[in-house]
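Good morning, and thank you for joining. Please bring up the sequence and the structure, and I will then go through the fold element by element.

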Amino acid sequence: LPVVVNDANIERLLEDNLTSDSEQDVYSEARNKFIVELLYSTGIRRAELVGMNVNDINFARGEIRVTGKGNKVRSIPMTNDLSDSVLHYLTVRNHSFAENHEDALFLTQKGKRIYPRMVHTIVHMKLSGVTTLEKKSPHVLRHSFATHMLDRGAELNAIKELLGHANLAATQVYTSKKKLSQCF
């Protein structure tokens, strides 16, 4: 069954705690916070996050475009809070890398596209500050997103579409977790 971060720890994880003075540290902290928020708020996969470009954000339509497994493109709606976070992150990114012409949404300190291992390290570090769960990965945030959506009454088919699952069976694992947790 999926490992899930509880609501209280997710709230702590998403708190605004930027503290740095150096320009590169400000960018890194803003990027790391936004990576965690985007993974949890949308349920996207790590590879989808790594592959995102700036032009995948559409403020006019209030959506984010991601390319998933099998090069399937899907659109994920942005909440107002997520839209505000995107704007904040892009402001910091553009200030820190004014001369950079890289299309990637997320950049390393050297201005290159981030890579999967870096995302895993960032998420592991952030989750370590709020939970004692053994598993601390981007996929845990994806599982938490889906489980919390289900707990709040979202329909399984809607969650399936948001996650980019090819079939409903892949999404039904979250109902098994909910049924199991109700037994205890």
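**Sheet, core and salt bridges**

I begin with E63, which counts as buried because its relative accessibility is 17%, below the 20% cut-off for that class. Please keep in mind throughout that this is a predicted model. E63 forms a salt bridge with R61, in which the closest N and O atoms are 3.3 Å apart.

Strand 1 is joined to strand 2, residues 63-67, by 2 bridges, and I57 stands opposite I64 of strand 2. Between strand 2 and strand 3 there are 5 bridges. These two strands form a hairpin with 5 residues between them, and G70 in the turn has a positive phi of about 65 degrees.

In a regular strand, side chains alternate between the two faces of the sheet.

Let me turn to helix 4. S85 is found in this helix, which covers residues 80-96. S85 is buried, with a relative accessible area of 16%, and beyond its sequence neighbours within four places it contacts F34 and E37. L82 is also found in helix 4, and at 2% relative accessibility it counts as buried. Not counting residues up to four places away in sequence, L82 touches F34, E37, L38, S41, T42 and I64. The C-alpha atoms of L82 and L38 are separated by 7.6 Å, although these residues lie 44 residues apart along the chain.

E37, a contact of both S85 and L82, meets K33 in a salt bridge, at 3.9 Å from N to O. Both residues lie in helix 2, 4 residues apart, about one turn of the helix, and both are buried.

Next comes the largest nonpolar core. Which of its 47 residues touch the most other members? They are I35, L38, L49, F106 and L141. Helix 2, residues 23-42, is among the elements that give two or more residues to this core, and its 8 residues are the largest share. Leaving aside neighbours within four places in sequence, I35 is in contact with L49, F106, I114, V119, I122 and V123.

V119 and V123 bring us to a helix pair. The axes of helix 5, residues 116-128, and helix 6, residues 138-151, come within 8 Å and cross at roughly 65 degrees. V119, H120, V123 and L127 of helix 5 make the contact with P138, V140 and L141 of helix 6. By class, this contact has 6 nonpolar residues, 1 polar residue and no charged ones.

Finally, the salt bridges: a search of the whole structure finds 7. In one of them, K160 pairs with E161, with the closest N and O atoms 2.9 Å apart. K160 is buried, at 13% relative accessible area, whereas E161 is exposed, at 51%. Salt bridges that share partners also join R45, E48 and R74 into one network.

Note on methods: Residues are numbered from 1 along each chain as its sequence is written. This is a predicted model: local features need pLDDT of at least 70, side-chain atom pairs count only at pLDDT 80 or more; totals for chains, interfaces and linings use all residues. Side-chain values use heavy atoms; hydrogens and water are left out. Buried means under 20% relative accessible area, exposed over 50%, partly exposed in between (1.4 Å probe, protein chains only). Contact means heavy atoms within 4.5 Å. Two strands pair if DSSP finds at least two bridges between them. Axes are lines fitted to C-alpha atoms, for helices over the stretch in contact, and angles run from 0 to 180 degrees between N-to-C directions. Ala, Val, Leu, Ile, Met, Phe, Trp, Tyr, Cys and Pro count as nonpolar, Asp, Glu, Lys and Arg as charged, and the others, Gly among them, as polar. A nonpolar core is a set of buried Ala, Val, Leu, Ile, Met, Phe, Trp, Tyr and Cys residues joined through side-chain atoms within 4.5 Å. A salt bridge is a side-chain nitrogen of Lys or Arg within 4 Å of a carboxyl oxygen of Asp or Glu.
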